[in-house]
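The following exercises are to be worked with the sequence and the model at hand. Each task is followed by a solution in steps.

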Amino acid sequence: MERYIERVLNRVALISVSIATLILLYLLLQTPETCIPRNAPRKPHFRFPKSSCDFYSRDYLPLHKKNTRLWSSKFWITKVSSYTHFFTQLYQMGVLKNHSKVLCVSAGAGHEVMALTKLGVEDVTGVELIESVPFVSRADPHNLPFFDEAFDVAFTAHLEDALYPLQYAREMERTVRKGGVLVVVVEERSEEEVKEIVRLFRMSSLLHSSYLIFIGNRITRILLKNKASA
């Protein structure tokens, strides 16, 4: 009796597997009809959809056209304008000059790089974990691929986002020449909090800190002078 039941169960299992395999093959060979009109282009012409109901094909957009669209957006123009005003103040303070070699650390899409370039700075380098051509190259801010004392000025508005702030600060100092300036922007901080940030930069001394409005937000600008290469 037990052998008979075992044979029956084996047959049922085999039939179930066969049916499941046929259903799977059928589904793989079929184009879903739920959201795709009958007159839509055939499947081989599709690009990756935005959703399961997105049947429209999209043409490839060259990089220069993507950048043109991005740079003409209101958000981009506003942010670059804010950076331009910010860096103009550094020009007036004598921190920046046209011949300055400037490093922008964690430069995002490159707003600050564009602003500096438009102001006339001849040598600007932007780095970020994700490349953003043509303004920003890929590099780890915690391990910058530059020689010691390669820059006159280093700027960052993202120290607070660093995974290892001390290493981040150390790399900024290493790449700035002796007597060069480090410019750090953070959210509005108290005097004691500013001192804590300054302590991260062990080879630099505080030149100046001030409160500013940047893109509608209150920020603290910290200027440090690099006393010696790391």
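## Composition and conventions

Of the 230 residues of the protein, 34% count as buried (buried: under 20% relative accessible area; exposed: over 50%; partly exposed: in between; 1.4 Å probe, protein chains only). The model is a predicted one, in which local features need pLDDT of at least 70 and side-chain atom pairs count only at pLDDT 80 or more, while totals for chains, interfaces and linings use all residues. Residues are numbered from 1 along each chain as its sequence is written, and side-chain values use heavy atoms, with hydrogens and water left out.

## Exercise 1. Order of elements

Determine how many helices and strands the protein has, and in which order the elements run.

Solution. Step one is the count: the protein contains six helices and seven strands. Helices (H or I, at least four residues) and strands (E, at least two) are DSSP runs, numbered from the N terminus. Step two is the order, which from the N terminus on reads α-α-α-β-α-β-β-β-α-β-α-β-β. Step three concerns contacts (heavy atoms within 4.5 Å): of those between residues at least 6 apart in sequence, 59% join residues at least 24 apart.

## Exercise 2. Helix 3 and helix 4

Describe how helix 3 and helix 4 cross, and state which residues meet.

Solution. Begin with the axes, which are lines fitted to C-alpha atoms, for helices over the stretch in contact, with angles running from 0 to 180 degrees between N-to-C directions. Those of helix 3 (residues 74-92) and helix 4 (residues 111-119) come within 8 Å and cross at roughly 55°. The two helices are therefore oblique to each other; angles under 35 degrees count as roughly parallel, over 145 as roughly antiparallel, 65 to 115 as roughly perpendicular and the rest as oblique. The crossing of helix 3 past helix 4 is right-handed, a term used if the near helix is turned clockwise from the far one by less than a right angle.

Next, list the residues. Helix 3 contributes Phe-75, Trp-76, Lys-79, Val-80, Tyr-83, Thr-84, Phe-87, Thr-88 and Tyr-91, which meet His-111, Glu-112, Met-114, Ala-115, Leu-116 and Leu-119 of helix 4. By class, the contact comprises ten nonpolar, three polar and two charged residues (nonpolar: Ala, Val, Leu, Ile, Met, Phe, Trp, Tyr, Cys and Pro; charged: Asp, Glu, Lys and Arg; polar: the others, Gly among them). An α-helix has 3.6 residues a turn, so residues three or four places apart point the same way.

## Exercise 3. Leu-96

Is Leu-96 buried or exposed, and which residues does Leu-96 touch?

Solution. First, locate Leu-96 in the loop between helix 3 and strand 1. Its relative accessible area is 3%, so Leu-96 is buried. Then, not counting residues up to four places away in sequence, Leu-96 touches Phe-87, Leu-90, Tyr-91, Val-102, Leu-116 and Val-153.

## Exercise 4. Backbone geometry in loops

Solution. Val-133 and Pro-134 are joined by a cis peptide bond with omega about 5°.

Ile-215 is not a glycine, yet has a positive phi of about 50°; at 34% relative accessibility, Ile-215 counts as partly exposed.

## Exercise 5. His-142

Which backbone nitrogens lie by polar atoms of the side chain of His-142?

Solution. His-142 is found in the loop between strand 3 and strand 4 and is buried, with a relative accessible area of 16%. The backbone nitrogen of Leu-163 lies 3.5 Å from a polar atom of its side chain; for the backbone nitrogen of Tyr-164 the distance is 3.1 Å. Leaving aside neighbours within four places in sequence, the contacts of His-142 include Gln-167, Tyr-168 and Glu-171.

Technical notes: A polar contact is a pair of N or O atoms within 3.5 Å; within protein, one must be able to donate a hydrogen and the other to accept it, and residues adjacent in sequence count only if both atoms are side-chain atoms.
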